[in-house]
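Subject: Structure handover

Hello,

Here is the structure I said I would pass on. The notes below it say what was found.

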Amino acid sequence: MAAEGILAVRQLQASDFDKGFLEVLAHLTTVGDVSREAFEEQLKRRDAAGGYHTVVIEDDGRIVATAAMIVELKFIHGCSKVGHIEDVVVDPAYRGKKLGIKLIEALVEAARGAGCYKIILDCNEANTAFYEKCGLTRKEVQMVKYLDR
């Protein structure tokens, strides 16, 4: 494992398919069966759409942490933008090394660079203390409805 200061945040790349990107996401939720072709096509669709920011941290050729942000184009606040942070996960072997904070900081900077006026992140109640350490504050309530596919 590299020294904590050496691990850097960077953008997701197609080659990260072979570096365990999906395996890291599987520590968060069900990933499903994603082929290399489907992975690369999804990256192309996201790049073409714009507003997608997925960051990773790599150590010794393996992805050990990732987070994503989608920039929403609003009509309110003078047609402003909001960043939605999703899918924040650090490999269990790397937790406690402030990698999650690095991910959030990188996405906050990306949101600033994109002209967002705020960032929204929904999380499990058990994770609120971590996100408060990252400078986020609790506000309102999340609601969800899963759709049949």
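Contact here means heavy atoms within 4.5 Å. This is a predicted model, in which local features need pLDDT of at least 70 and side-chain atom pairs count only at pLDDT 80 or more, while totals for chains, interfaces and linings use all residues. Residues are numbered from 1 along each chain as its sequence is written, and side-chain values use heavy atoms, with hydrogens and water left out.

The annotated domain

The UniProt record, an unreviewed entry, carries the annotation "domain: N-acetyltransferase" over residues 7-149. UniProt positions are given in the numbering used here, feature names are shortened, and annotations may be inferred rather than shown by experiment. Helices (H or I, at least four residues) and strands (E, at least two) are DSSP runs, numbered from the N terminus.

Gln11 is placed in strand 1. With neighbours within four places in sequence left aside, Gln11 is in contact with Asp16, His53, Thr54, Val55 and Val56. Gln11 counts as partly exposed because its relative accessibility is 42%; buried means under 20% relative accessible area, exposed over 50%, and partly exposed in between (1.4 Å probe, protein chains only).

Ala8 lies in the segment before strand 1 (9-11) and is partly exposed, with a relative accessible area of 47%. Not counting residues up to four places away in sequence, Ala8 touches Val56, Ile57 and Glu58. The C-alpha atoms of Ala8 and Asp59 are separated by 8.8 Å, although the two residues are 51 apart along the chain.

The nonpolar cores

A nonpolar core is a set of buried Ala, Val, Leu, Ile, Met, Phe, Trp, Tyr and Cys residues joined through side-chain atoms within 4.5 Å. The largest one has 25 residues, and Leu99 and Ile104 have the most contacts inside it. Strand 2, strand 3, strand 4, helix 4 and strand 5 each supply at least two residues of this core. Its largest share, eight residues, comes from helix 4. Leu99 touches Leu7, Ile57, Val64, Ala65, Val90 and Tyr94, not counting residues up to four places away in sequence. Apart from this core lies another, of 11 residues, among them Phe21, Leu22, Val24 and Ile63.

The pockets

On a 1 Å grid over the protein atoms alone, a pocket is an open set of points where a 1.4 Å probe fits, with protein on both sides within 12 Å along at least five of seven lines; lining residues have an atom within 4 Å of a point. Grid points are joined across faces, edges and corners, and a volume is the space filled by probe spheres set on the points.

The largest pocket holds about 1,600 Å³ of space. Its lining has 47 residues, of which Leu25, Leu28, Glu86, Asp87 and Val88 lie nearest the centre. Among the elements that each supply at least two lining residues are helix 1 (21-25), helix 2 (36-49) and helix 4 (99-114). Strand 4 gives the most, with six residues. The lining divides into 28 nonpolar, 10 polar and nine charged residues; Ala, Val, Leu, Ile, Met, Phe, Trp, Tyr, Cys and Pro count as nonpolar, Asp, Glu, Lys and Arg as charged, and the others, Gly among them, as polar.

The second largest pocket has a volume of about 680 Å³. It is lined by 18 residues, with Leu121, Asp122, Thr137, Arg138 and Lys139 nearest its centre. Strand 5 (116-121) supplies the largest share of this lining, four residues, and helix 5 supplies at least two. By type, the lining has seven nonpolar, four polar and seven charged residues.

Individual residues

Asp60, in the loop between strand 2 and strand 3, has a positive phi of about 50° although it is not a glycine. Asp60 is exposed, with a relative accessible area of 75%. Glu140, in the segment after helix 5, has a positive phi near 60° and is likewise a residue other than glycine. At 67% relative accessibility, Glu140 counts as exposed.

Cys79 is found in helix 3 (residues 76-79) and counts as exposed at 55% relative accessibility.

Regards
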